[in-house]
Amino acid sequence: MSSDKRNFFADRDIQVILGTLLRVGVIASMSVVMIGGLLYLFSDHAVLIDYRNFNPDKSGFSSIPAILIGLKDLDSKAIIQFGTLLLIFTPVARVVFSIFSFLIERDYLYVLIGLFVLSIILYSLSDKLVG
Amino acid sequence: MSVLLFTIIVLAGAFLAGLVGSLTGLGGGVIIIPLLTLVLGVDIHYAIGASIVSVIATSSGSAAAYVKEGITNIRIGMFLEMATTISAIIGAVVTVYLDPSYIAVIFGLILLFSAAMMIVKKLDRSDNDTSGKLAMFFKLNGTYPTEEGVKKYAVHRVLGGFIMMFFAGIISGLLGIGSGALKVIAMDNIMRIPFKVSTTTSNFMMGVTAAASAIVYLHRGQIDPGIAMPVTIGVLCGATLGSKILVKTKTDKLKVVFAAVVTFLALQMIYNGLSGKL
């Protein structure tokens, strides 16, 4: 019973931290997207756009290095894409955090499961999957 | 169309999608994809890329609130994510090889199914019987707070739920949606997890599942900043407002109206897909 209770409280702490982590990630990425969006509208608001046909090379910021280079030049689209990246990495960060919390709880089975999920996501980071 | 006009229309549409989505429990992508493709003539591949980003935004945004209440079962989430992340990537890789008209038809069918699931009265089948060996081995059984105190629950048919989640992940990666309706089947109907736990846990999982396929979309150039920006901002603002009014309003009537709208959109998507207009 006492060990049950201790685990319960440890779980509660972890959940509070997890909730905060998710919230901070969302707020940070939304702020970056908004800043980029305002810059984009300010400079390009009258430009005509056409999204009728999908063209893989059109967006220009379709890899992490390209986004980071664009970010250095303060390119508005690169800033939006960086905000999107922050958003994508928020749930990934929470997987990493969960792995550490399972490690503290000495729940090695779930450390392995977490590492497995993380490695699948990291594998998708390599652009091997896009032919 | 000019960038400004396009941004304003998408922003307004995404806001409405996020608002109604959070009130009825259906994800924003269900409205976003038809809005972009049917109304604004955007290629479905761009619409999928924008939609998946909105899925991550709503998942992380609402999961942040749920997780703190201690209802989410992180172990169940992590365990099932093994299935959903692999299959989401498979779906995301396959989607570009599929003819857009096929994607439209599959999307329409999933929409019809989601609309039906939304109005069907759900039966709570959770119980506290002894669960199988797999649930014990993976420590999936848990507790959650209710008004009458902390309640225990047992998880059933782990393998069946796992396979169903694999399917949900493929659909999610293929269409850029959260596929919540399929996750409900896996968790409520097959694994018999209590509603509150399954809803919050599936919401929590959606972000991770979507992140896996979003990276594939990003590499392929399907996430266009000009579309993703108003979609993300609109959906998140709408969903935040929706979750605040949810507590005060009765949503039964709204659900029926929304189910009708979704059914109409579904038929449009299927028609356009079959006639090759998309």
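Let's start with chain A, where an unreviewed UniProt entry places the feature "transmembrane region" at residues 21–42, 78–97 and 109–126; such annotations may be inferred rather than shown by experiment. What you are viewing is a predicted model, in which local features need pLDDT of at least 70, side-chain atom pairs count only at pLDDT 80 or more, and totals for chains, interfaces and linings use all residues. Residues are numbered from 1 along each chain as its sequence is written, chains are lettered from A in the order in which they are written, and side-chain values use heavy atoms, with hydrogens and water left out.

Residues 78–97 of chain A are 100% helix, with end C-alpha atoms 27 Å apart. Residues 109–126 of chain A are 94% helix, and their end C-alpha atoms also lie 27 Å apart. Overall, chain A has four helices and zero strands (DSSP runs: H or I of at least four residues for helices, E of at least two for strands).

How confident is the predictor? Chain A averages a pLDDT (confidence per residue, from 0 to 100) of 86, and 87% of its residues score at least 70. Over residues 1–6 of chain A, the pLDDT is below 50, and this stretch has zero contacts (heavy atoms within 4.5 Å) beyond near neighbours in sequence.

Of the 131 residues in chain A, 42% are buried, meaning under 20% relative accessible area with a 1.4 Å probe, protein chains only. Among contacts in chain A with a separation of 6 or more, 57% join residues 24 or more positions apart.

Note on methods. pLDDT is the predictor's confidence in each residue, from 0 to 100. Buried means under 20% relative accessible area, exposed over 50%, partly exposed in between (1.4 Å probe, protein chains only).
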